Amino acid sequence: MVDILLERTVPLSLDEAWRRLTQWPRHGEVVPLTRVTVVTSPPTREGTVFVARTGIGPLSFDDPMEITLWHPPTADDGPGLCRLEKRGRVIRGWAEIEVRPGPGGRTRVLWREDLRVRLLPAFADPLVRGAAGYVFGRAVNRLLRGA
């Protein structure tokens with residue numbers, strides 16, 4: 001099991017940071033070799049399902065996820081929290097995306113992941129943690145920049 005915590009403080013409103021982080025198809029644009037397809041009809045809510053397909057050809061795998069908690073930020077600067085359950089054959093676990101008021105009118109972003117990669121022994125956890133932290137950190141930065 002690998003735990004990852006990413007923290008960012010950005011010059012965006014809560015709503016804008018939330019919008020950028022929860023545009024699921026955009027995740028496929030910022031994660032290498034990945035395409036994200038939303039399976040359920042909009043709007044995003046608890047029960048929304050999407051699939052991240054990662055890899056090339058026969059070396060690809062699906063990472064299906066379901067939103068189990070969906071609380072967008074409120075107009076009075078109340079924090080937002082989204083929890084995803086990862087239910088794939090290769091990757092299991094969960095992810096949480098949280099936005100909350102930060103210093104100087106900025107937004108504080110917390111991205112938490114708990115990953116379990118099937119068939120990998122525990123001694124590989126540091127490698128998975130390093131690779132996943134790099135990939136997710138880069139993805140979060142690009143999503144928040146809107147680029």
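The model is predicted. Its largest pocket has a volume of about 510 Å³, and 26 residues line this pocket. The count of aromatic pairs is 3, and a cis peptide bond joins Pro42 and Pro43.

**Largest pocket**

- Among the 26 lining residues, Val31, Asp63, Ile91, Val135 and Phe136 lie nearest the centre of the largest pocket.
- Helix α3 supplies the largest share of the lining, 6 residues.
- By residue class, the lining of the largest pocket consists of 20 nonpolar, 3 polar and 3 charged residues.

**Aromatic rings**

- The model holds 3 aromatic pairs.
- In the pair formed by Trp18 and Trp70, the ring centres are 4.9 Å apart and the planes meet at 55°, so the pair is classed as tilted. The cut-offs behind this are that planes under 30 degrees apart count as stacked and those over 60 as edge-to-face, with the rest tilted.
- Trp18 belongs to helix α1 (residues 14-21) and Trp70 to strand β4, so this pair ties together parts that are 52 residues apart in sequence.
- Trp18 counts as buried because its relative accessibility is 6%, and the cut-off for buried is under 20%.
- Trp70 is buried as well, at a relative accessible area of 17%.
- A charged side chain is also placed against a ring: Arg83 lies over the face of Trp94, at 4.4 Å from the ring centre.

**Backbone features**

- The peptide bond between Pro42 and Pro43 is cis, with omega at about 0°. Pro43 sits in the loop between β2 and β3.
- Leu33 is a residue other than glycine with a positive phi, near 55°. Its place is the loop between α2 and β2.
- The relative accessible area of Leu33 is 54%, so Leu33 is exposed; the cut-off for exposed is over 50%.
- Leu119 likewise has a positive phi without being glycine, and the value is near 75°. Leu119 is found in the loop between β7 and α3.
- With a relative accessible area of 76%, Leu119 is exposed.

**Leu12**

- Leu12 lies in the loop between β1 (2-10) and α1.
- At 15% relative accessibility, Leu12 falls in the buried class.
- Leaving aside neighbours within four places in sequence, Leu12 is in contact with Ala17, Arg20, Gly105, Arg106, Thr107 and Leu144.
- From Leu12 to Gly146 the separation is 134 residues in sequence and 11 Å in space, C-alpha to C-alpha.

**Val51**

- Not counting residues up to four places away in sequence, Val51 touches Arg35, Val36, Thr37, Val39, Asp62, Asp63 and Pro64. Asp63 is also one of the residues nearest the centre of the largest pocket.
- Val51 and Gly146 are 95 residues apart in sequence, and their C-alpha atoms are 21 Å apart in space.

How values were computed. Residues are numbered from 1 along each chain as its sequence is written. This is a predicted model: local features need pLDDT of at least 70, side-chain atom pairs count only at pLDDT 80 or more; totals for chains, interfaces and linings use all residues. Side-chain values use heavy atoms; hydrogens and water are left out. On a 1 Å grid over the protein atoms alone, a cavity is a set of points where a 1.4 Å probe fits but cannot get out, and a pocket is an open set with protein on both sides within 12 Å along at least five of seven lines; lining residues have an atom within 4 Å of a point. Grid points are joined across faces, edges and corners, and a volume is the space filled by probe spheres set on the points. Helices (H or I, at least four residues) and strands (E, at least two) are DSSP runs, numbered from the N terminus. Ala, Val, Leu, Ile, Met, Phe, Trp, Tyr, Cys and Pro count as nonpolar, Asp, Glu, Lys and Arg as charged, and the others, Gly among them, as polar. Rings of Phe, Tyr and Trp (its six-membered ring) pair if their centres lie within 6.5 Å; planes under 30 degrees apart count as stacked, over 60 as edge-to-face and the rest as tilted. Buried means under 20% relative accessible area, exposed over 50%, partly exposed in between (1.4 Å probe, protein chains only). A charge sits over a ring if NZ of Lys or CZ of Arg is within 6 Å of the ring centre and within 35 degrees of the ring normal. Contact means heavy atoms within 4.5 Å.
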